[in-house]
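Here is a friendly tour of a protein model, written for someone who likes to know the cut-offs behind each term. Have a look at the sequence and the fold, then read on.

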Amino acid sequence: MIQRSLLRHVQAIRHLSPSYAKKTTPIIQVATQRIPAIPLHHRLLSQRYYSATAEPATSASSETPSTGSATSEAQEQEDLVKKELDAKIREIIDLKDRYLRSVADFRNLQDRTKRDIQSARDFAIQKFAADLIESVDNLDRALGTVPASKLAPQNSDPDTPPESKEYNKDLANLYDGLKMTETILMGTLKKHGMERFDPSEGEGEMFNPNLHEATFQTKVDGKEDGKVFMTQQKGFLLNGRVLRAAKVGVVKNS
């Protein structure tokens with residue numbers, strides 16, 4: 001390029017002034033000899049070399065901030081995922097705790113409901129049984145008013161009039177009928193959980209404030225303190241619960 005521009009200048013000078021061209025020709029030749037022409041392939045190689053060396057620097061400088069920004073974005077994404085994971089774990093723990101509490105409450109409710117249903121079944125007739133106690137007591141008192149001597153046959157005394165013997169027989173039949181009625185009634189009540197107890201039967205029970213009501217205390221020879229020796233009124237139980245405590249007399253020798 002430089003050589004061609006110089007040749008153009010020389011040709012222009014020659015056309016303008018031939019004399020000046022003659023004087024300046026050696027100078028131009030000298031100048032042309034001093035400035036050698038650079039081959040085209042050398043210029044291309046130099047350009048390629050500089051471009052090849054410059055491009056990596058530019059790319060390295062451009063890649064460095066992008067790598068740092070990518071790392072920071074990845075770190076932020078990881079932190080966000082960790083926070084979400086921790087939140088989900090806490091939520092799962094809370095839901096599990098609520099589930100276990102709900103199950104426990106439901107089971108307790110089932111147990112309470114079962115107990116209430118069973119209690120309602122067991123003591124549904126409590127009021128009816130309490131009202132029936134007086135009738136059972138009256139029947140027991142009626143049986144207790146007949147002495148055993150009136151129920152035994154009196155064949156040993158030949159002087160006893162027949163009318164008296166017939167009367168005793170009727171009384172014994174009446175007594176047997178009442179006794180049978182009482183036995184059937186008490187069996188029916190027992191089927192429904194109602195039982196009668198007499199703490200003075202046999203050798204007598206020890207006084208129990210949960211079952212007995214002491215009406216008086218007295219000295220009784222041959223019995224230890226706290227023993228029940230007499231029953232004024234029998235007690236009743238309904239499915240293990242005291243429906244009426246037995247009224248008793250208790251031994252107190254000391």
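## Ground rules

Contact here means heavy atoms within 4.5 Å. Axes are lines fitted to C-alpha atoms, for helices over the stretch in contact, and angles run from 0 to 180 degrees between N-to-C directions. Helices (H or I, at least four residues) and strands (E, at least two) are DSSP runs, numbered from the N terminus.

This is a predicted model, in which local features need pLDDT of at least 70 and side-chain atom pairs count only at pLDDT 80 or more, while totals for chains, interfaces and linings use all residues. Residues are numbered from 1 along each chain as its sequence is written, and side-chain values use heavy atoms, with hydrogens and water left out.

## The sheet and its helix

Let's begin with the strands. Three of them form an open sheet in the order β1-β4-β5, with antiparallel pairing. Because β1 (194-197) and β5 (241-244) are at the edges with a single partner strand each, one side of each has no neighbour in the sheet. From one strand to the next, the twist averages 35 degrees.

Two strands pair if DSSP finds at least two bridges between them. Strand β4 (residues 235-238) pairs with β5 over three bridges, in the antiparallel sense, and L238 stands opposite R241 in β5. Across β1, β4 and β5 lies helix α4 (residues 126-144), which runs at about 55 degrees to β5.

Side chains of opposite charge can pair when their charged atoms come close. A salt bridge is counted when a side-chain nitrogen of Lys or Arg is within 4 Å of a carboxyl oxygen of Asp or Glu. The structure holds seven salt bridges.

One of them joins the side chains of E78 and K82 (3.7 Å, N to O). Both residues lie in helix α3 (residues 40-122), four residues apart, or about one turn of the helix. R98 and D94 form another salt bridge, at 3.2 Å from N to O, and they too lie in helix α3, four residues apart.

How open are these side chains? Buried means under 20% relative accessible area, exposed over 50%, and partly exposed in between (1.4 Å probe, protein chains only). E78 is partly exposed at 39%, as is K82 at 46%. R98 is exposed at 51%, whereas D94 is partly exposed at 34%.

In helix α5 (residues 162-191), K179 and E182 are three residues apart, about one turn of the helix. Their side chains meet in a salt bridge (3.6 Å, N to O). K179 is partly exposed, with a relative accessible area of 38%, but E182 is buried, at 4%. Salt bridges link K179, E182 and R196 in a network.
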